[in-house]
Amino acid sequence: MIKIAVTGNIGSGKTTICGIIKNLGFKVFESDQEVKEILEEKEQIQSLLKEFHLKIPGLINNNKIDKEKLGDFVFSNPTELKKLENLIHPKVWKRKEEFLLKHKNEKLIFFDVPILFEKKLENNFDFIIYTKISKDIQKQRVLKRKNMNEKKFNLITMSQNILTAQQKKLISLELETSSDESKIELLIRNFLKKIQDGKK
């Protein structure tokens, strides 16, 4: 099994790339979607309440975690963000292992990993696809999202590292996602063909 990571900063087009990959018939583990599902689990809600309810007024709304309030709080406080990650990430990795087991017969398998380099996870994958976009387009895209504002956008981008020269060397395919989607798909197809032919 060949494991391929898809990563890049917020708003850089990871969801679009993963959509293309899924349309090509491959399996993709989408970390952000897994986190959303975990945040709706009763057990997880209780854990978050225990850790954050005194710090975040109105954390629960209609028996659900208010993700906007939670996000605003943790992204403005690195220590609290670390606490949240310690609660969430073990469950994400458990789901990842279950995903691997379920699709163990796949030749190629993909993982959407938003903070791949920040968490030093790059060595867990055989290849890395990196999405990028201009700062202006990135900001336009992200500010269109529900519950997003400029302050939160700035806090999130500050938490995402600028790639080092060594990290750049590990990137197998870099995709500029403002390009035409059909051109992006062709680049992905050609890249995957080389992998499958053993030329990468």
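A residue counts as buried when its relative accessible area is under 20%. In this predicted model, phenylalanine 26 has a relative accessible area of 17% and is therefore buried. Phenylalanine 110 is also buried, at 0% relative accessibility.

The whole structure holds 7 aromatic pairs. One of them joins phenylalanine 26 to phenylalanine 110 in an edge-to-face arrangement. The ring centres are 5.4 Å apart, and the planes stand at 65°. This pair links distant parts of the chain, 84 residues apart. Phenylalanine 26 sits in the loop between α1 (14-23) and β2 (27-30). Phenylalanine 110 belongs to strand β5 (residues 108-112).

Phenylalanine 99 and phenylalanine 111 form an edge-to-face pair, with 5.7 Å from centre to centre and 75° between the planes. Phenylalanine 99 lies in helix α5 and phenylalanine 111 in strand β5, so the pair ties together parts 12 residues apart in sequence. Phenylalanine 99 is buried at 12% relative accessible area. Phenylalanine 111 is buried at 1%. Ring pairs connect Phe29, Phe99, Phe111 and Phe125 into a cluster.

Lysine 96 is found in helix α5. With 8% relative accessibility, lysine 96 counts as buried. Beyond its neighbours within four places in sequence, lysine 96 contacts Phe29, Phe111 and Phe125. Its charged end sits over the ring of phenylalanine 111, 5.4 Å from the ring centre.

Helix α5 (residues 78-102) also meets helix α2 (residues 31-38). Their axes come within 10 Å and cross at roughly 120°. The crossing is right-handed. Glu34, Val35, Glu37 and Ile38 in α2 meet Ile88, Lys91, Val92 and Arg95 in α5. By class, this contact has 4 nonpolar, no polar and 4 charged residues.

Note on methods. Residues numbered from 1 in each chain as written. Predicted model: local features only at pLDDT ≥ 70, side-chain atom pairs only at ≥ 80, totals over all residues. Heavy atoms only, no water. Axes fitted to C-alpha atoms, helices over the stretch in contact; angles between N-to-C directions. Helix = DSSP H or I, 4+ residues; strand = E, 2+ residues; numbered from the N terminus. Left-handed = near helix turned anticlockwise from the far one by under 90°. Contact = heavy atoms within 4.5 Å. Nonpolar A, V, L, I, M, F, W, Y, C, P; charged D, E, K, R; others polar. Buried < 20%, exposed > 50% of the residue type's maximum accessible area, 1.4 Å probe, protein only. Phe/Tyr/Trp six-rings, centres within 6.5 Å; stacked < 30°, edge-to-face > 60°. Lys NZ or Arg CZ within 6 Å of the ring centre and 35° of its normal.
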